[in-house]
Amino acid sequence: MLNLIINNRFAIASVILFVTGFVNMMVHPNLIKKIVSFNIMDSATFLMLASRGMIAGRTAAILTDGGADTSLYVNPIPAGLVLTGIVVSVSVSAFSLALVQRIYGTYGTVDLRELLDAMKKKGE
Amino acid sequence: MSAFTRWVDGEAAVPLKTDFKPVKERKPKEKHASLGDKQRLDGFLSLYAKCAVVISVLMLIVLLIGAVALPTFAEPGNPTDNEVVHRYVGSAEEETGAENVIAGMILNYRGFDTFGESCVLFLAVCCVMLLLWATNDKIKAEAKACEKEAPPDVILQKVAKLLLPCVLCFGMCVLFNGHVSPGGGFSGGSILGAALILFAVAFGADSVRRFFTAKVFNTVRITGLMIYGSMFGVYIYQGANGISSNLAHYIVLVIDIAVGLVVMSTMYGFYSFYTKGEL
Amino acid sequence: MPFAWNLPYMSVFLTMITAILLSVIPGAKRAYWITVCVFAIVTVMSLCFLSFIVRADASYAFTMGKFPAPFGNEIKFGPLQGLLASVFAAVMCLSLLGGRAELFEDVDEKKMGLACVMLNMVLASLLILSYTNDAFTAYVFIEISTIAACALVMIKDSGPTLVATIRYLFMSLLGSGLFLFSIILLYAITGHLLMPQLKESVAKLMETGNYTKVLALLLGMMTAGLGVKAAMFPFHRWLPDAHGTATTTSSAVLSGLVVKGYAVLLITMYVRVFTLDTVRAFHINDAVFVLGFCGMILGSVQAIRETHAKRMLAYSSVAQLGYVFMGIGLGTPEGIAAACFQILIHAFTKPLLFVSVGRLASTVHHDKQLRALRGTAWQTPLAGIGFGIGALSMVGIPLFGGFAAKVNFATASVFTDTKIVLTLAVLAISSVLNALYYIPAIINIWSIRKDAALPEAGKAKKDPTATAAIILLACGVLFLGVCFTPVMNIIVRGLELM
């Protein structure tokens, strides 16, 4: 059992992080905290992905004088996918933060409950 | 008049609930109703929170079972260590001209994904502009409330003068050597963008505006993306139709620089729209 | 390789490059008409491609670059993809035409170009979601469609739309997070991202029994992730707010097309990667069936309780998506073919309803409460007729498209062992429920406006583009309702070739 956990320590850590982000995103009424939890969730997926590319005893996939010997380098695919994921997550965070800024300007709150109250009061 | 006849008459949309009394009659009730609504909302939200926690605990258990069953970490011979990886490492230099296999992979083998990714970045700027670009008085007033240009700070300015050349050189270096060493368009572009932001913070946005106007911002962003789009479009046409060309050999470098320009202007655009609602 | 096989990738690049250029082209009107033209061109290109691929009766993998699968990106298309792409492009174009007047009122003139960027990107992502042969490309374009769709809700810059947008955005992010995680798990146990290789590896894993736990987990996560984004039943709460408050064009595009993109991707993943046998082995399809079933009933019940016309239509979308998921949940090729047909028919009907309601409401200062719409059909008879056609199709009157869809579901259910009674019962119940809110709505808009509390309905302004859009969309609904056999043949053949 312990062996299993140690063998997959990164997968387990990333799963715990993922669920942490998930539950916070569902429960927190504060919009900014929701965005932060979404970022935690994304980081968890990146951790999972990056750990999948690792192969013990090899180096990063940038060819040096060793030439193209495939047994020297780790898997380059997850690194590329993580890069894509990070860019997407940055873009989405920027978009949602801008939205929150506008919502704060309109209703004066970033709390989802107060927001729904404020909307009701305005009759919208 | 029964609900049914009203429904047939088209007066009420539904016989279930809809009751089209004039608004005045309902007014005395409203206070009470809104209180009830609030309690109901609170009740719903706490129930929702409890459900969310239960669901998440279940999810955690299921995911942990899955995580333990995954292939062992960092072992050679995992399913991921397959012929695709060998091909990428083995022939990336020859097929794409990039010693940095990751750059070769994202800009050539899987270049269409990366084009999509650049479009995500482009879309994010467009969304931020849609939201925060102060074209009418309402948004302008909101933006004014957020804007508080700090007075010039001597320490910041001195440090910025010292740091900026280094940051710019480092950014250029990362950007232009992306195909042979760690780095590339995305990382180099963000470093350059950070340099611009530092400049704006230290010397005021007006001093950036002297050389980085809205026109320059748009031109750099659109040119970068257009270079990427059109070049990759041609490359796909040649690749899929079996037309031989040596476009593949310089596509990585050119696209890397184009992406770098896009990322740089995007980063500064985010900062600028967040703080002032314009460039 | 014939030149026609280049058309799909060219139509995608055309829309994306137009989107990039539109962000700097000044002038609201110019941006709008460029977008309309591009959509029309893409429609024509997709129709040409459709006619070629139907005649060729085959499906092709098209490498996006020099390197074939499993090394480079790839798209793959057959008759089904051609059909979906043509319908998506055509309906996009018609929704844009139909909501023109309201779009120009709701969107700031300087920001019209940016709104058109979003429309173009939505079309590009829809095309790629139906063409893609690469799981990770699917993820990237899901994100593009998420951002662009949220932006389409918020282009009408008011308080309620901003709040609706952020709720929509958070739900969508949850969905795409789950989808990304499932793709990573899939990559971890197979080592591939391209669909043909994924299919081989999954088949091998099923044979040897390795990693079946992970496979079941990721299949569930993928279904849940795409389900959240496609408003599958318990995750549908974001939809009425987002679709009900947006401007007419956005509502039509979001309700009619965007949610369908995810359903199409789910179908592609089921058929091309996992195969229906695997899905059935893990009983995922049963869960989808039950959720679709609940969505059909509860979506309609909530629509009955709604007094706001657009929110009523939005809840009706939840019910109609329930049909799609029920079809997928049958777990047979016939069920999936019926689901595809439902996607097509709903893509025509819902925009028709939204455009008609927008047109009707334009006579009463855009008040979209059902009560305010009373008698407005006499001011704009064509919009009234359009609404009637759409509503009757939703109810399932013969000769209208919705009837054909229901017949397909009923026939498909015969091929399953256990689900036949349930399917037929739910089809009957949901038809009655649909009638319960659509028929009164039709009566309402065609009755006489006699209530003194209501303001006088003004004369509708002439709007030739909306007229054209309503006529063409109504023709689409009637065409699919009358000659559905050839369309079904294309779908069935397309699924076989997928």
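A residue is called buried if 20 or more other C-beta atoms lie within 10 Å of its own, exposed if 12 or fewer do, and partly exposed in between, with the C-beta atoms placed from the backbone. By this rule, 46% of the 124 residues in chain A are buried. The structure is a predicted model, in which local features need pLDDT of at least 70 and side-chain atom pairs count only at pLDDT 80 or more, while totals for chains, interfaces and linings use all residues. Residues are numbered from 1 along each chain as its sequence is written, and chains are lettered from A and ligands numbered from 1 in the order in which they are written.

Chain A contains 5 helices and 0 strands, where helices (H or I, at least four residues) and strands (E, at least two) are DSSP runs numbered from the N terminus. Along the sequence, the pattern of chain A reads α-α-α-α-α. The radius of gyration of chain A is 21 Å, whereas a compact globule of 124 residues would have one near 14 Å; this quantity is taken over C-alpha atoms, and the globule rule is 2.2 Å times the number of residues to the power 0.38. Along the principal axes, the C-alpha atoms of chain A fill a box of roughly 70 × 40 × 15 Å. Two residues are in contact if their C-beta atoms, placed from the backbone, lie within 7 Å. Of the contacts in chain A with a separation of 6 or more, 51% are between residues 24 or more positions apart.

Chain B has 11 helices and 0 strands. Buried residues account for 39% of its 279 residues. Among contacts in chain B between residues at least 6 apart in sequence, 71% join residues at least 24 apart. Confidence is given as pLDDT, the predictor's score for each residue, from 0 to 100. Chain B averages a pLDDT of 81, and 82% of the residues score at least 70. Over residues 15-33 of chain B, pLDDT stays under 50, and the model has 14 contacts beyond four places in sequence for this stretch.

We turn next to the places where chains touch. Chain B brings 54 residues into contact with 61 residues of chain C. On the side of chain B that touches chain C, helix 2 (23-68), helix 3 (83-96), helix 4 (101-109), helix 5 and helix 10 of chain B each supply at least two residues. Helix 5 of chain B gives the most to this side, with 15 residues. The residues of this side of chain B divide into 34 nonpolar, 15 polar and 5 charged. Here Ala, Val, Leu, Ile, Met, Phe, Trp, Tyr, Cys and Pro count as nonpolar, Asp, Glu, Lys and Arg as charged, and the others, Gly among them, as polar.

One residue of helix 5 (residues 111-132) of chain B is Phe122(B). Phe122(B) counts as buried because it has 25 C-beta neighbours inside 10 Å. Leaving aside neighbours within four places in sequence, Phe122(B) is in contact with Leu225(B) and Ile20(C).

The axes of helix 10 (residues 214-241) of chain B and helix 1 of chain C come within 10 Å and cross at roughly 170 degrees. Axes are lines fitted to C-alpha atoms, for helices over the stretch in contact, and angles run from 0 to 180 degrees between N-to-C directions. Helix 10 of chain B and helix 1 of chain C are therefore roughly antiparallel, a word used for angles over 145 degrees. Residues making the contact include Leu225(B) and Gly229(B) of helix 10 of chain B, and Phe13(C) and Ile20(C) of helix 1 of chain C. In this contact, 10 residues are nonpolar, 2 polar and none charged.Helix 1 (residues 7-22) of chain C also packs within its own chain: its axis comes within 9 Å of the axis of helix 2 (residues 28-56) of chain C, and the two cross at roughly 175 degrees. This makes helix 1 of chain C roughly antiparallel to helix 2 of chain C. Among the residues making the contact are Leu14(C) and Thr18(C) of helix 1 of chain C, with Val38(C) and Met45(C) of helix 2 of chain C. The residues of this contact divide into 13 nonpolar, 4 polar and no charged.

Chain C touches chain A as well, with 20 residues of chain C in contact with 27 residues of chain A. Helix 6 (135-154) and helix 7 (159-190) of chain C are the elements that give two or more residues to this side of chain C. Helix 7 of chain C gives the most, with 16 residues. The side of chain C that touches chain A is made up of 16 nonpolar, 3 polar and 1 charged residues.

Technical notes: Angles under 35 degrees count as roughly parallel, over 145 as roughly antiparallel, 65 to 115 as roughly perpendicular and the rest as oblique.
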